[in-house]
Each structure stands twice: as C-alpha cells, then as structure tokens.
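Here's a quick look at the aromatic side chains in this one. Have the structure open and follow along.

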Amino acid sequence: MSTAAATPASTGQVLADLLPASRVRDAALVLGGAALTGLAAQISVPVPGSPVPVTGQTFAALLVGTSLGAGRGFMALALYAVAGIAGVPWFAQGTSGVAPSFGYILGMILASTVVGALARRGADRSVLRMAGTMLVGEAIIYAIGVPYLALATGMSATAAIAAGLTPFLIGDALKAALAMGALPTAWKFANKR
C-alpha cells in the first residue's frame, strides 16, 4: 500500500477531494462555490472615485479555486459569471449584468483555475506557499480587471490603475493573510482525522 493512498492530504488532492467522490458532490461543490462568491460579493464597500467597490468576492473566488481544484473552481466561477450576466443579482452590491468591473469577474474565473491547479500541487499546504498562490491569483485578477476597466470606461492606463488597483492592495493583503492561515490549518485538521 502506498503512503500517498494512505494519507488523505497527499499532494494531488485539494480539500474537496476529501469528501466521498460523486457527481452529486461535484455539482453541489460547484453550486456552493458560485453561491459563496455571490454572498461574499455582498460584503461591499464603495471606493470614492472608482466604479469598483472593495468586496469579499476576490477572497471567495481564490478560496473556491484552492479548495475545489482547477476544474470545479473554473466551473463555479463560470457559473457565477453566467448567472450574474443572466440577471441573478449577486455581483457586488446586488447588481447583475456586465459593468465596467466585469473584467475582475473574468479574472476571477482564470485565477480560480490557476490557484486550483497550484493547490493540487500542494500550494495550499503551508503559509508560505499559500502566500505565493494568493499573490498569483490576485495578479491574474488585476491583469484582466484593470485593462477591462480602462477599456470599458475610457480611462487611461494610469487612471485605471489608480481607480482599479491601488485602492485595493491593502484589503487584498488582508484577504490573502486570511487564506494563508485558513487553508494550511484546514489541511492540518484533515491530517489528524
């Protein structure tokens, strides 16, 4: 018997893999990930001079990706985006549809996928690796969200960075710190079972 099969926290798994496998489980995880992101988006604080509020949405998107893995993370955030476009009022501040901040949602889809792939390689097992994973995820969200904001509003690149990146750095550092503690701790509890 291999040690990888004997330990529930072996590399190659994400937290969601510790639940008994089934299609029902996967569907519930995807729906739950989308709903968690929608709920977290309602934790929203307007930023003066920016069409983008500070929300819990990015934290949820990265948490969903690392907890569910790349495939389910992608599906959860894609479902979140498609349902929001279709009219479900679960984007920031209870909105739906395509707004100047929609690029961040597109970035969250890709970021959730990437951090999920990194988590499957063990990036969610320690505080230091989790810090790097969160930085990668945040960078992806901004790499798509800020240019989209500039295009959607006609802002210059400098103005889009000032309105869509700079005001969020401290909050994102706090969100990353929460994730850095939460996921490695969850694995420690899982390993004790």
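Which residue lies over the face of Trp187? That's Arg125, sitting 3.9 Å from the ring centre. Bear in mind that this is a predicted model.

Now for rings that meet other rings. A pair of aromatic rings is described by the distance of the centres and the angle of the planes. With centres counted as paired within 6.5 Å, the model has five aromatic pairs. Here are two of them:

| Pair | Centre distance | Plane angle | Type |
|---|---|---|---|
| Phe91 and Phe102 | 6.2 Å | 50 degrees | tilted |
| Tyr104 and Tyr142 | 6.3 Å | 90 degrees | edge-to-face |

Take the Phe pair to begin with. Phe91 is in the loop between helix H4 (70-85) and helix H5 (102-120), while Phe102 belongs to helix H5, so the contact ties together parts that are eleven residues apart in sequence. Are these two buried or exposed? Phe91 has 4% relative accessibility and therefore counts as buried, and Phe102, at 7%, counts as buried as well.

On to the tyrosines. Tyr104 and Tyr142 have their planes at 90 degrees, so that pair is edge-to-face. It links distant parts of the chain, with Tyr104 in helix H5 and Tyr142 in helix H6 (residues 127-153), 38 residues apart. Both tyrosines are buried.

Finally, which residues do ring pairs link into a cluster? Tyr80, Trp90, Phe91, Phe102 and Tyr148.

Notes: Residues are numbered from 1 along each chain as its sequence is written. This is a predicted model: local features need pLDDT of at least 70, side-chain atom pairs count only at pLDDT 80 or more; totals for chains, interfaces and linings use all residues. Side-chain values use heavy atoms; hydrogens and water are left out. Rings of Phe, Tyr and Trp (its six-membered ring) pair if their centres lie within 6.5 Å; planes under 30 degrees apart count as stacked, over 60 as edge-to-face and the rest as tilted. Helices (H or I, at least four residues) and strands (E, at least two) are DSSP runs, numbered from the N terminus. Buried means under 20% relative accessible area, exposed over 50%, partly exposed in between (1.4 Å probe, protein chains only). A charge sits over a ring if NZ of Lys or CZ of Arg is within 6 Å of the ring centre and within 35 degrees of the ring normal.
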